[in-house]
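Let me put the model up, and then we'll walk through it together.

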Amino acid sequence: MSEAEKQRRADYKKNRKKWLNIQAMILSALIVLTLIFSCVFAVVNKATYIDYVEEGKVDYSVLLKDNQFYDKDRAEKDKAYVTSLMDKVLADFSYELHMDASNVDFEYSYSIDTVMEVRDGKTGAVIFDRSEASVPETKVSKSGNSLVLRQQVTVDVDRYNSLARQFVDAYGLQDTESVLSVLLNIHVIGDCEDFGDESNNAYTLALDIPLTEKTCNISVLSDVEQGDNQILACKNIILKNVFMGVAIAFAALSVLGGAGMVVFAYLTRNTDVNYEIKVNRILKSYRSFIQKINNCFADESYRPVFVDSFNEMLEIHDTIQSPVLMYENEDKTCSSFYIPTNTNLLYVYEIKVEDYDEIYAPEKEEEIVILEEVAEEDIQEAMSAPDVELSDIDYVDIEEEETEDGVEVIDVVWPEKEKRNKLYRYDPNGETVHDGDIVLVPSRDAAKQKDVVRKATVAHGNHRIDPEHIHHPLKKIIAIVKRKAEDALSYQSK
């Protein structure tokens, strides 16, 4: 692999890693923001309650008719009363609500109804009733942390008692009971749906007075929960929706960012990835069968036989009981597995990166095609003898104008038959080289895929050409093996 290719691959990996890191940081930021807004939304959406204390009670007193027995015209509460002496009842209703919060916006409504009922004594079913609004429903809006309500009403017990007795006597009813109830109805409503949906914020205070009896006991009924309680606090719906929307948006961006990062990593993956996976998979599964070597297996006495899969190598290993040798090149782009045999066959299986052939394609040496075909019978194998005579090559001069200010070059020819009509250009490396000299030059062995040193015959000695005729950097010759002049002197001395 050339240095330029190594640098290109290193730069590609570096840039890919940089962009993956940038995407990872952006994705991490999106995930963190999603978590932050989700947590804030959870806190805002969490049900919170307001502690409150409430109390409801009813005080009353009974106004008596003129009589010869009682010194006072009023009887206190919690006594037994002669129904026929009862004139009116003064009822004093009170309700208090104190919340453990400040500036709570709410509204409340209240009403006081007087209801008389005549019921069946056995079943309790209502036979006759009459209802009147002593205090019509009243709604009040309030802001604060407490509610104090007091309301007084006067109930004409004697009138309702006479009405109930007339109804019973008119129809000759037996086994009945008549009750007069004075009801305070309270309903507390907050400024949000959560507060209003609470079922425990509607209350009733009742004062029950038996009728048509000789004596009666007035009872007080209340469904107000005395003591500490809780009520659901209102939520900021707008703020909750904002945090929920932002959290969903960041979550969607996180999903899209993660998917985009996966697609980017897949599309820009290095060609070495599949190669490394394949090699590591084989080493992990069959490490006990494989012996690594440090040098490429290049024994020319073996005839290579390439197989298509590593499973075939395992079958060969099991059959002939020969070790599996592994060599990985320095660039980590090709791994070769060998099984040598006693019959001089060398079984070979190779794993390469996807663009291996393109990476290691031999560099094009500047070649000049001879304009006339070289006569094959006049060409001897250039490397089979210590000397190669240029007179044996039907060579035609190149029509290139030499210049004094140009680049100094030499042209050489390979001994192979298929390349005898081609010239390859090199830098003389400061040496003075003549036609017919034998030189050592660097080249690339495409078959073995490695750099080699070759012997070549000089077709054109030192000359200068226009730089426009040079299309890539020239390689320098390594040494002069033999000069043509030395052969001439040797011949004359004989």
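Now the housekeeping. This is a predicted model, so local features need pLDDT of at least 70 and side-chain atom pairs count only at pLDDT 80 or more, while totals for chains, interfaces and linings use all residues. Residues are numbered from 1 along each chain as its sequence is written, and side-chain values use heavy atoms, with hydrogens and water left out.

The overall picture: the protein chain has eight helices and 23 strands. Those are DSSP runs numbered from the N terminus, H or I with at least four residues for helices, E with at least two for strands. Of its 494 residues, 35% count as buried. Take contacts, meaning heavy atoms within 4.5 Å: among those between residues at least 6 apart in sequence, 73% join residues at least 24 apart.

Here's one example. Phenylalanine 264 sits in helix H4, residues 237-267, and is partly exposed at 24% relative accessibility. Leaving out residues up to four places away in sequence, phenylalanine 264 touches Arg16, Trp19, Leu20 and Gln23.

On to charges. Side chains of opposite charge can pair when their charged atoms come close. I'm calling a salt bridge a side-chain nitrogen of Lys or Arg within 4 Å of a carboxyl oxygen of Asp or Glu. How many salt bridges does that rule give? The count is nine.

Back to aspartate 59, then: its side chain meets that of lysine 77 in a salt bridge, 3.2 Å from N to O. Aspartate 59 belongs to strand S1 (residues 49-64) and lysine 77 to the loop between strand S2 (74-75) and strand S3 (80-82), so the pair ties together parts 18 residues apart in sequence. Lysine 77 is partly exposed too, at 29%.

Another one is arginine 159 with glutamate 132, at 3.3 Å, N to O. Arginine 159 is in helix H2 (residues 157-170) and glutamate 132 in strand S6 (residues 126-144), so this pair links parts 27 residues apart in sequence. Through shared partners, salt bridges join Glu132, Asp156 and Arg159 into one network.

That's my tour; happy to take questions.

Note on methods
Buried < 20%, exposed > 50% of the residue type's maximum accessible area, 1.4 Å probe, protein only.
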